[in-house]
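Have the model open and follow along.

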Amino acid sequence: MANQLPYDATMIPTELERNISEVDRRIRAAERASGRATGAVSLLAVSKTKPSELVRQAHGFGLSAFGENYAQEMAEKAAALADLPLCWHFIGPIQSNKTALIAEVSDWVHSIDRLKVARRLSEQRPDDRAPLNVLVQINTSNEDSKSGVGPDAAPELMEAINELPGLRLRGFMTIPAATTNQAEQREPFRQLKELMARLSDSLPYLDTLSMGMSGDLEAAVSEGANIVRVGTDIFGARYN
Ligand SMILES: *Cc1c(COP(=O)(O)O)cnc(C)c1O
């Protein structure tokens with residue numbers, strides 16, 4: 001019952017359900033508007049800082065893929081929710097001393113930006129798990145961000161990652177500088193799509209562009225996103 005949730009859960013279930021269906025409606029509308037197939041875009045629910053009980057409820061409303069920025073927090077939630085068939089995506093900056101935890105818990109990692117980290121993830125991927133799906137994070141327009149490799153350095157890094165047995169290279173992720181201008185929102189997403197097209201001769205199986213968040217998912221879908229990462233518009237504002 002809603003009034004028995006720990007206060008920390010901060011949301012009543014009907015609000016969560018409404019948020020999820022609204023985000024789903026926005027994604028489907030953006031797919032239609034850009035002539036893409038219904039269901040071409042997957043929703044990754046970004047649950048960072050939110051309690052595992054809220055993730056459990058979101059699963060009850062049909063979501064199964066969740067994104068986290070901190071390795072320890074992801075591991076704790078994955079353990080608390082081990083009874084559910086969830087898919088965990090690590091989307092935050094990667095510290096070298098956290099790669100073992102990330103390699104054990106994650107199904108996907110979106111934030112690879114150097115070979116050293118990719119090598120460690122490959123070596124530390126448990127033998128009994130499928131290769132870890134990885135995306136290389138590209139620094140497109142975001143001059144403030146220290147994360148992500150520049151588009152020019154990407155091909156060499158991709159070729160090297162492609163050789164690592166514990167990883168399965170799938171594509172790119174980007175976090176552009178925030179703007180409310182639609183045309184400006186589209187530009188970095190278009191760059192990412194072009195980068196993938198340029199690499200399609202040498203790496204033809206790349207199939208994933210992770211781009212678009214609460215404020216710019218429509219622009220990302222129109223430029224070819226396969227995964228949108230939505231936190232605020234599903235779980236509400238983050239206070240910590
Ligand atoms: C927090 C975060 C998101 C979600 O952002 P919202 O604006 O809350 O939807 C998406 N991607 C990454 C990498 C994040 O760190």
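**Exercise 1.** Work out the volume of the second largest pocket, then describe its lining.

*Solution.* Start with the volume: the second largest pocket comes to about 160 Å³. A pocket here is an open set of points on a 1 Å grid over the protein atoms alone where a 1.4 Å probe fits, with protein on both sides within 12 Å along at least five of seven lines; lining residues have an atom within 4 Å of a point. Volume is the space filled by probe spheres set on the points, which are joined across faces, edges and corners. Next, pick out the lining, which includes P176, F189, M213 and D216. Finally, sort it: six nonpolar, four polar and two charged. Asp, Glu, Lys and Arg count as charged, Ala, Val, Leu, Ile, Met, Phe, Trp, Tyr, Cys and Pro as nonpolar, and the others, Gly among them, as polar.

This is a predicted model, where local features need pLDDT of at least 70, side-chain atom pairs count only at pLDDT 80 or more, and totals for chains, interfaces and linings use all residues. Residues are numbered from 1 along each chain as its sequence is written, and side-chain values use heavy atoms, with hydrogens and water left out.

**Exercise 2.** Is Q137 buried or exposed?

*Solution.* Q137 counts as buried because its relative accessibility is 6% (buried is under 20%, exposed over 50%, partly exposed in between, with a 1.4 Å probe and protein chains only). As for contacts (heavy atoms within 4.5 Å), beyond four places in sequence Q137 touches residues including H110, V149 and I175.
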